[in-house]
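Let's take a friendly walk through this protein, from the overall fold down to a few individual side chains. Have the structure open as you read.

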Amino acid sequence: MSTKKKPGTDLAALKARLAKKAGKAAPDVPPPGASAPPAEEAPAADVPPPGQVAEPAAEQAPDVPPPGQVADVPPPGQVAEPAPPPAAAEAPDEPFGGGAAFDPNAGLIDVGGDIATKSNRGLMAVVAVAGIGFGAMVGYLLHQISSKKELVEVGRKKGAEMLAEVQQVADARKAVALKIKDIKALAQQDPKKAVEEIRALLSETFEKHPKVDALFGWQLAAVHPTGVKKVFDLYEEANGLKSDLMYLAGFLETYGDAVKSGGPAMFGVFANEKGAKLVELVQPLCDLETKKPCEGREAAKAVGYLVRESIGAEPVPVPRGLGDKQVVPIVPDGQIFNYAVGMEPNKHAQVVFQSLVNRIEARLENMNKAEKIALTALKNYADSPTVDGDDAQPDPGGGA
C-alpha cells in the first residue's frame, strides 16, 4: 500500500512555490460568469522572469518525496501497490480523503438486469442425472441378485429344518403303530405291564415332538397349500394320538382287572348311613356264616351276597335287605338299565378298552396319509425354495 503524501508534494503546491520564487502570486481565477483580466496586467504564472529557468516540477512523479526524505520501500518478496491517480489524492486537511472513488459502471446505461450467458451446465446436469440413474439401476439389480441368493439359502435351511421336524413326527407314528398290537394283547394278560409299556412309549416318542414352533417362519407360507394343510392335519392327529395313549394308560390302571377277566355281571344297591351306592354282586349266599353259595334256583332264596365295592377287590358277605349295611339286587331289565349299565355289563370294560384302541388305530391311519403328502411338499421346498412370485411349488399330490 502507498505511503501518505507529505504536505506540499501535490501539483498545486508545487506551482505555488514556483510562482513565489518568481516574485509573483498565482493569478486569481475569476468566479463563474466573470471575465479574466487583461493578459498584459499579469504575466503567465508558468513563465519565469528573464534570467531564470523554470523547474521541471510538472513532470515529477507525485510519489517522489522532497529532498531529504526517503520513499518507503516494500520488504523483499513483496511488490509495492501502485499509487492512486492524482484525482484521488487526499487533501492535507482531510485524513480520510475527499476525492470521489472510481465507479466502473459510471456512464453505462442500465438495461434492467443481467444478460444470461450461454453455458453447457444444462447438458452436464442431464448427463449427471442419467449417470446416477444408470448406477442406481445397476446397484439395484446387483442388490436384488444378492438378496435373492441369500433368501434362497435361508429358505433352503429352514425347509430342511421343517422337513426334519415332520419326519420326527412320522417316526413317532411308526413306533406307536408297531407297539399298539403288543399293548392290546398284553392288557388281556397283565394290565399293569401294559400300562408301563404305554408310558414308556409316550416318553420315547412324544417327549420332544411334535414341536410346532419349528414350523414358524415365512417359509411355511411358500410351501404348496396342500402340503401346508397336511402338515397341520398331521400335527392335529399327533396331538390327539398322544392324548388317547394317556387316556388308555389311565383306563387300564383303573380297570385293568376288568379288562383281563371281565367286569361285573350282576349289580346291587348297598345302603349305609350316607345313602345307597352301586356294587357288584359276585355270588348269592344261602348261608352267611359258612359263605355257602346258592345253586341254581336256590338263588331266589339267598339270604345274602358276596359283594365287591370296587373292581378287583376282595368280596365280603353282606346280608340281603333294604336296611343299613344291607344289599338288594338290581333287576337287569328295562331301557334304563341297558342305558346305564349295558346289555352285557360283564364286558363293559372290555368294550371301552377296545373302543380306545380303535380310536388310536384310526389316528395312526390318518397320520400315515397326511405325512406322505406333508413330507413330499416340504422336501420339494427344501430342494428348491420359493422366495418370490416368479415360480410356485409343485403339487405334492393328494388334493386340497
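**A partly exposed tyrosine and its surroundings**

Tyrosine 255 has a relative accessibility of 37%, so this residue counts as partly exposed. Keep in mind as we go that the model is predicted.

What does tyrosine 255 pair with? Its ring partner is phenylalanine 251: the ring centres are 5.1 Å apart and the planes meet at 40°. Planes under 30 degrees apart would count as stacked and those over 60 as edge-to-face, so an angle between these limits makes a pair tilted. A search of the whole structure turns up one aromatic pair. Phenylalanine 251 is buried, because its relative accessibility is 9% and the cut-off for buried is under 20%.

Now move to helix 7, residues 348-383, where you will find glutamate 371. Is this residue buried or exposed? Glutamate 371 is buried, with a relative accessible area of 4%. Setting aside neighbours within four places in sequence, glutamate 371 is in contact with Ala170, Arg173, Lys174 and Leu234.

Finally, step back to the whole protein. There are seven helices and six strands, and from the N terminus the order is α-α-α-α-α-β-β-β-β-β-β-α-α. Of the 400 residues, 26% are buried. Among contacts with a separation of 6 or more, 67% join residues 24 or more positions apart. The accessible surface comes to about 27400 Å², and carbon and sulfur atoms contribute 58% of that area.

How values were computed:
Residues numbered from 1 in each chain as written. Predicted model: local features only at pLDDT ≥ 70, side-chain atom pairs only at ≥ 80, totals over all residues. Heavy atoms only, no water. Phe/Tyr/Trp six-rings, centres within 6.5 Å; stacked < 30°, edge-to-face > 60°. Buried < 20%, exposed > 50% of the residue type's maximum accessible area, 1.4 Å probe, protein only. Helix = DSSP H or I, 4+ residues; strand = E, 2+ residues; numbered from the N terminus. Contact = heavy atoms within 4.5 Å. Areas by Shrake-Rupley, 256 points an atom, 1.4 Å probe, with all protein chains shown as cover.
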